[in-house]
Amino acid sequence: MAETAEGKARWEATTLKKALDRYPERQGAFETTSGIPVERLYTPAEGAPDYADGLGYPGEPPYTRGIQPTMYRGRLWTMRQYAGYATAQESNQRYKYLLEQGQTGLSVAFDLPTQLGYDADHPLAEGEVGKVGVSISSLEDMETLFAGIPLERVSTSMTINAPAAVLLAMYVAVARKQGTDPAKLRGTIQNDVLKEYVARGTYIYPPQPSMRLITDILTYCKDHLPHWNAISISGYHIREAGATAVQEVAFTLANAIAYVQAAMGAGLDVDEFSGQLSFFFSAHNNLLEEVAKFRAARRLWSRLVSQRFHARDPRSGQLRFHTQTAGSTLTAQQPYNNVVRVALQALGAVLGGTQSLHTNSLDEALALPSEEAVRLALRTQQIIAHESGVAEIVDPLGGSYAVEALTDEIERRAVGYLDQIDELGGALRAIELGYIQREIQESAYRYQREVETGARTVVGVNEFASEESQAPATLRLDPQLQQAQTERVRALKARRDAAEVAQSLSRLEAAARGSENLMPAILACVEGYVTLGEICDRLRLVFGEHKEAYAL
Amino acid sequence: MLPLVATQALEVIPAMTNRIRVLIAKPGLDGHDRGAKVIARALRDAGMEVIYTGLRQTPEMIAEAALQEDADLVGLSILSGAHMTLVPRVLQQMRQQGLAEIPLVVGGIIPPDDAVALKALGVAEVFGPGTPTTEVIAFVQRAAGARP
Amino acid sequence: MELAELIIAGDRRAIARGISLVESQAPAARELVAALYPHAGRAHIVGITGAPGVGKSTLVNALALDYRRRGARVGIVAVDPSSPFSGGAILGDRIRMRDLAGDPGVFVRSMASRGNLGGLARATVDAVTVLDAAGFETILVETVGAGQAEVEIAQAAHTVAVVQVPGMGDDIQAIKAGLLEIADVLVVNKGDQDGADQAVAVLEAMLSLAPPRVGPSGDAWTPPVLKAIATQGAGIAPLAQAIAEHAAYLERSGQGQQNDQARAARELHQAVREALWERFLAQAGSELAAAVQRVRDRQIDPYTAAEQLLRDAEP
């Protein structure tokens, strides 16, 4: 490199000093949203990694520059808007609308009762049915959800964790009914329960049986659904819970390590199942830090897979990920500002090389998104894809001294966390000890205080606030919806052959008490219209329920 | 801005004080507890005693805890949209336990119309996303201090 | 006195208000304790202590469920530390006691230590008195076994269970914290983890080196070391059994009476100390402040200053 630290020192002592003496900077020090100190200027002295080891070429390890050689020149990222509300029928209409609008993949949001394995008629489901997603209690609902949508032609992502096996079985059953070979199905289930314990709270079973369910699903997918991502290891919710960019990378990869270890412990070969692991990250506000975060995560995972797990196939270390813009950055005040935030966050995800993207709607800090707001969010992606020009160059910020320096720094700090988690005995143990939860809470609280002391500006909230309220029209759900859904489930339960239901549940229970793969027994239940709640309850009986591990 | 952390560091706190006791609960099935925990810490740092009940609390559990803990104020955090079902039930349970005079506040994603409706039902205040914790602290001090 | 009557009648709202009152240590609190005192003394008080993270709350939850199955009413006082900076506290023990929700035979109260050593012990003892007078037959007092205050609270119990977990290196936390001496029962929780049996063996070895505990009648008590998995409810019935055996031993050996005597003396002595201090403050509060300045400026040493203050304050 021609330029060195000496050159920078000279500049600092002369040109810069003169300027600073006359015009001091806005702040004494600057840092990213995540607290990484930011230099005023990056030069090759800070931001010039070893090209071959640190960067390499797209489609080659360590994949810093992207996992495909041509990236978006070949195919644009999948524009995948997370959607789902009310009943299967209404969500089905929304999916068809989104596909007509040019969306290229589906992403199913389930309501909380479904996510926690309760049927719509369960007492705890009251008030929650159809609220944050669609209510699915049985195969009947799933058939309605995908009616008229040929499953062999769409890829479907399902945000489902604790009962992931049941919803996956329903999806397979719908495909069979449509006459589609399940082996052709493409899509993802989130199926990442570890982050539920630390960040999202939607767990059912204790860690051990949960890990077994996950490895059962991995095994089943490897054998029967080769194009299916059996797990989407999620940093998104960890970030939303308050983590920094570094913590998002570190804790997600720590969980990933735990899953790989569990799968290998169950006798799977890392080169065989790694193609079924995918990741899910947040795109937050600080543009350059976020781009660096995605690149650092990619490089670190590639290194972990080859060095720690001794994968032979270099592709095993490819970190493929979905991104969602950060919901927690949306403000209820001046909601139209959110359009701009989402655009910048989406740009960060694209510059960071995401495989698929969800852009949030401007009204999500107020209520469920309206159809109009969802369309605008999708248009944001389309403008980035077709008008901004950033999709035409692979890793366009690669080589930026600033971005490379931040990439190095994020990786270095994430490795520090991983070492600490290893020392505690791995992610599961660290969660049990409350270590990860505490770290996230510390960051969340620090961020809140920075906003309140004015150290961090949130436009329209602690600065540039204006009195006039501009509340956009938001979506309202039909209050009769829960009643209708409850009646549907009850009618189904009354219609079935009770003996058959009891028999498949007994088979499931026997499988759960033993060590065989649970997927076939769950699939048999689902196809016999045994409900989600019935299946999950039977497993609760065998596995017990997780108790909230750590508070504050 | 008010400082969040009181600065009488390491001073021995007089035992003969009545500290404000606040119950913070997450009713329903929503597992997003970032807001509830941030508020809990902010109230603690403002010198209050916060009883934190954790996730998936039923209205019955919340009212029972408010009673046993002799809470001066109850705060609920709901982001799932189930507030119009859950909050009236908590109010009803609290009335049944004879706790009608204990102020109940709600935080989370609550559309403006619903906030008005909840206040009409007896909720003392509704705090939306982006509310500074200082505002919540000030409200709690006022509302809990007014209690006999 | 209405509040005391309501408490004795088992009114839950009154119990809650009564605990707040004794916690505040306001003058009215003394009247309440005075009214309740003759009605208390029937409950068996069990202290549960151990380092943070050993699973005390989960153990208390499981133990309370076990007592409930046998029909005993259970009062629980769970103490957490106050922040030394703000004086506030986050009390999170209820999270692990959700199985007890909705049971009218259980009363759970969270308490903050409020920074004052003697005060905490007294507030806790008084809170136990409220629950005792209200008719709870077993009272579980959960504290973090980290400091002198917790040891004091534990001493106010009839039976002290010290909780450990395996796998935290070779250290036995209870020994470090000075808790082995006060343990009547030892529990190795998370007994399914590696090193549980080893932890039991180490504790048993430590106990065999300790001098035997012999009661007035000549009966000896050797603290049992039990293994438990509180999250699964495993080992809880034997723990309850061990606590019951210890209670029977206290009765049989005369040790219980001796402990009660010591406890009464401690409580009385403390009350006298506090009363004297308050009286002294009332009489010589301003002189005290002035004397503090002089000690700070090294014009006088603390001992001589104390002598002078007391002489001047004498009636």
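User: In this predicted model, which residue of β8(A) does A:G187 stand opposite?

Analyst: The model is a predicted one, and the pairing concerned is that of strand β7 (residues 186-189) of chain A with β8(A), which run in the parallel sense over two bridges. Within this pairing, the residue of β8(A) that stands opposite A:G187 is A:W228.

User: Which strands stand at the edges of the open sheet of five strands in chain A?

Analyst: The strands of this open sheet follow the order β4-β5-β6-β7-β8 (chain A), with parallel pairing. Two of them have a single partner strand each, so one side of each is left without a neighbour in the sheet. These edge strands of chain A are β4 (82-83) and β8 (228-229).

User: What angle does the direction of helix α7 of chain A make with that of β6(A)?

Analyst: Helix α7 (residues 164-178) of chain A packs on this sheet, where β6 (155-159), β7 and β8 of chain A are the strands touched. Taken against the direction of β6(A), the direction of the helix makes an angle of about 155°.

User: In the open sheet of six strands, which strand of chain C stands at an edge?

Analyst: The order of this sheet is β5(B)-β4(B)-β3(B)-β1(B)-β2(B)-β3(C), with parallel pairing. At the edges each strand has a single partner strand, so one side of each is left without a neighbour in the sheet, and this applies to β5 (125-127) of chain B as well as to β3 (89-91) of chain C. Neighbouring strands here are turned by 20° against each other on average, direction ignored. The edge strand from chain C is β3 (89-91).

User: Are α10(C) and α11(C) roughly parallel or roughly antiparallel to each other?

Analyst: Helix α10 (residues 255-296) of chain C packs against helix α11 (residues 302-313) of chain C with the axes 10 Å apart and at an angle of about 150°. Angles over 145 degrees count as roughly antiparallel. The crossing of α10(C) and α11(C) is right-handed, and the two helices are therefore roughly antiparallel.

User: How many residues of the contact of α10(C) with α11(C) are nonpolar?

Analyst: The contributors from α10(C) include C:F280, C:L288 and C:V295, and those from α11(C) include C:P302, C:L309 and C:L310. Besides the nonpolar residues, the contact has two polar and two charged ones, and the nonpolar count is 10.

User: How far apart do the C-alpha centres of domain 1 and domain 2 of chain C lie?

Analyst: The domain assignment of chain C gives domain 1 as 2-253 and domain 2 as 269-313. Between the C-alpha centres of these two domains the distance is 36 Å.

User: What is the handedness of the crossing of α2(B) and α3(B)?

Analyst: The axes of helix α2 (residues 59-68) and helix α3 (residues 83-96) of chain B come within 8 Å and cross at roughly 40°, and the helices are therefore oblique to each other. Among the residues that meet are B:I62 and B:A63 in α2(B), and B:L86 and B:V90 in α3(B). The crossing itself is right-handed.

Notes
Residues are numbered from 1 along each chain as its sequence is written. Chains are lettered from A and ligands numbered from 1 in the order in which they are written. This is a predicted model: local features need pLDDT of at least 70, side-chain atom pairs count only at pLDDT 80 or more; totals for chains, interfaces and linings use all residues. Side-chain values use heavy atoms; hydrogens and water are left out. Two strands pair if DSSP finds at least two bridges between them. Helices (H or I, at least four residues) and strands (E, at least two) are DSSP runs, numbered from the N terminus. Axes are lines fitted to C-alpha atoms, for helices over the stretch in contact, and angles run from 0 to 180 degrees between N-to-C directions. Angles under 35 degrees count as roughly parallel, over 145 as roughly antiparallel, 65 to 115 as roughly perpendicular and the rest as oblique. A crossing is left-handed if the near helix is turned anticlockwise from the far one by less than a right angle, and right-handed if clockwise. Contact means heavy atoms within 4.5 Å. Ala, Val, Leu, Ile, Met, Phe, Trp, Tyr, Cys and Pro count as nonpolar, Asp, Glu, Lys and Arg as charged, and the others, Gly among them, as polar. Domain bounds come from an automatic or database domain assignment.
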